Amino acid sequence: MTTKTRVVFACQACGFESSKWLGRCPDCGEWNSFVEERQAAPQPAGKGRPASAGFETASRPRPYDMVDGAEAARMPSGIDEFDRVLGGGIVPGSMVLIGGEPGIGKSTLLLQVAHLLARTGGPVLYVSGEESERQIKLRGERLGITGGALFLVGETSLERILEHVDELKPTALVVDSVQTIYSSKFPSAPGSISQVREVATQLLFVAKGRGITTFLIGHVTKDGNLAGPKSLEHIVDTVLYFEGEKHLHHRIVRAVKNRFGAISEMGVFEMTGAGLTPVANPSALFLAERLEGNPGSAVVATLEGSRPMLVEVQALVSPTSFGTPRRMSLGIDANRTNLLLAVLEKRVGLELLGDDVFVSLAGGLSIPEPAADLGVAAAIASSFRNRPVPAKTALFGEVGLGGEIRSVGQAALRVREAAQMGFTRCLLPARNVPAAVDGMKLVGVETLSEALETLLD
Ligand code: TYD
Ligand code: MG
């Protein structure tokens, strides 16, 4: 029997399909992202192909009350920060996608995790489509990995990987880069979006059918040459991304989707000569290089998932030398910074119109939460007036368009973190002031002008 193929054009950024080539994807707006792909033509129902591909298990509806609701016991990976992003350990049989730029440390982290799992939870298979077993071993030696039931294979064919899984019956499987694996049953080129999706779906059947914990590594490239792991996000249970710069020595892993835990949970690691080591106290790391008493610097108490963290916001305000003033912000949403600049102009009366304003978060972090507003505004005002924010003072609070300071969640947790890091004063929204904390002066503020008066006058 010959399989018919049909030709479609698929957007390599989001997976949108069209019968003809398009210059711009109507779905995600990406330019020049359409590539010709061949797919097996869908067969009419009832002819040939059986309804199930063989991996599914028989299902039967059950009354709600009869369904076992107990959460499966989580397996600790042995790396605290990794367990934290996963929401408290690995859920057996789940599928996790780990994305990030090349060279950021994906293979390193997963080899460490695979090794630790193999020591406690049965055989683990590490499949690499990019490196040979020898190369993986060399990395392992750097990491000090020895012994355990860890198996390595350099392989790109999905069918052969499934055979290995059949034979070895691993409890966990790592696929080092899903983009390099291809199924010969599928006519599209390796790395194309439909091939990547097919491979992930097949692996999902196996993971769910046999309860194998599966980690997929996916490359995110800026030019979009390889099919984006974004298109896999809805298939897997958990999506983790490596964030930040690979030129810095610390790495941040953030959960952007998690069926078994909170999102925006993040883990902080340090890249050392012997792999990634967890950073137990990120506040200390992010405040390490701060110059106390420098104008334009403020320390905000922010919350990442369930963890409070102190981060330094820096601002530099200087007169514009050419026509339009420049506004740049790193780690803080640019719209948010512009909004704060407008509030500082109109409600506080700072004349920033003729100045360039640069805002940056130390350590290549990014904070999406508005609780950093007060810190950003204070850093800008401090640089503008050339007066430092007093040392040992931490801040948090959302700034409204009226110049009011709005309350934020988990105030007590933030204050406690600041106290632990040796801060003695905390400026926070008046409605947020928690019960007294030892050695901490709590100053509740209602408006931005009031806050800046307290800080800078
Ligand atoms: P790698 O895990 O290969 O990145 P990815 O799989 O995301 O492409 O990590 C590569 C970088 O990490 C490389 O620049 C070398 C560095 N590295 C260390 O600094 N220490 C180590 O122990 C290891 C294994 C790698
Ligand atoms: Mg790699």
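Predicted model: local features only at pLDDT ≥ 70, side-chain atom pairs only at ≥ 80, totals over all residues.
Visitor: At what angle do helix H4 and helix H5 pack?

Guide: Two packed helices are described by the angle between their axes and the distance between the axes. Helix H4 (residues 158-168) and helix H5 (residues 193-210) pack at about 10°, with axes 11 Å apart. Helices (H or I, at least four residues) and strands (E, at least two) are DSSP runs numbered from the N terminus; axes are lines fitted to C-alpha atoms, for helices over the stretch in contact, and angles run from 0 to 180 degrees between N-to-C directions.

Visitor: Which residues of H4 and H5 meet?

Guide: Contact means heavy atoms within 4.5 Å. From H4 come Leu 158, Leu 162, Val 165 and Asp 166; from H5 come Val 199, Gln 202, Leu 203, Val 206 and Arg 210. This contact has six nonpolar, one polar and two charged residues (Ala, Val, Leu, Ile, Met, Phe, Trp, Tyr, Cys and Pro are nonpolar; Asp, Glu, Lys and Arg charged; the others, Gly among them, polar).

Visitor: At what angle do H7 and H10 pack?

Guide: Helix H7 (residues 334-348) and helix H10 (residues 448-456) pack at about 85°, with axes 10 Å apart. That angle makes H7 roughly perpendicular to H10. Val 343, Leu 344, Arg 347 and Val 348 of H7 meet Leu 448, Ser 449 and Leu 452 of H10. By class, five are nonpolar, one polar and one charged.

Visitor: Where do H2 and H3 meet?

Guide: Ser 107, Thr 108 and Leu 111 in H2 touch Ile 136, Arg 139 and Gly 140 in H3. The angle is about 75° and the axes are 10 Å apart, so H2 and H3 are roughly perpendicular.

Visitor: How many residues surround ligand 1?

Guide: A residue is near a molecule or strand if one of its heavy atoms lies within 4 Å of it. Ligand 1 has 16 around it, and Gly 103, Ser 107, Thr 108, Thr 272 and Gly 275 are the closest. H2 gives the most to this shell, with three residues.

Visitor: Which polar side-chain atom lies 2.6 Å from an oxygen atom of ligand 1?

Guide: One of Ser 107. A backbone N or O atom of Lys 106 lies 2.8 Å from a ligand 1 oxygen atom.

Definitions and conventions: Residues numbered from 1 in each chain as written. Chains lettered and ligands numbered in written order. Heavy atoms only, no water. Polar contact = N/O pair within 3.5 Å; in protein donor to acceptor, adjacent residues only side chain to side chain. Parallel < 35°, antiparallel > 145°, perpendicular 65-115°, else oblique.
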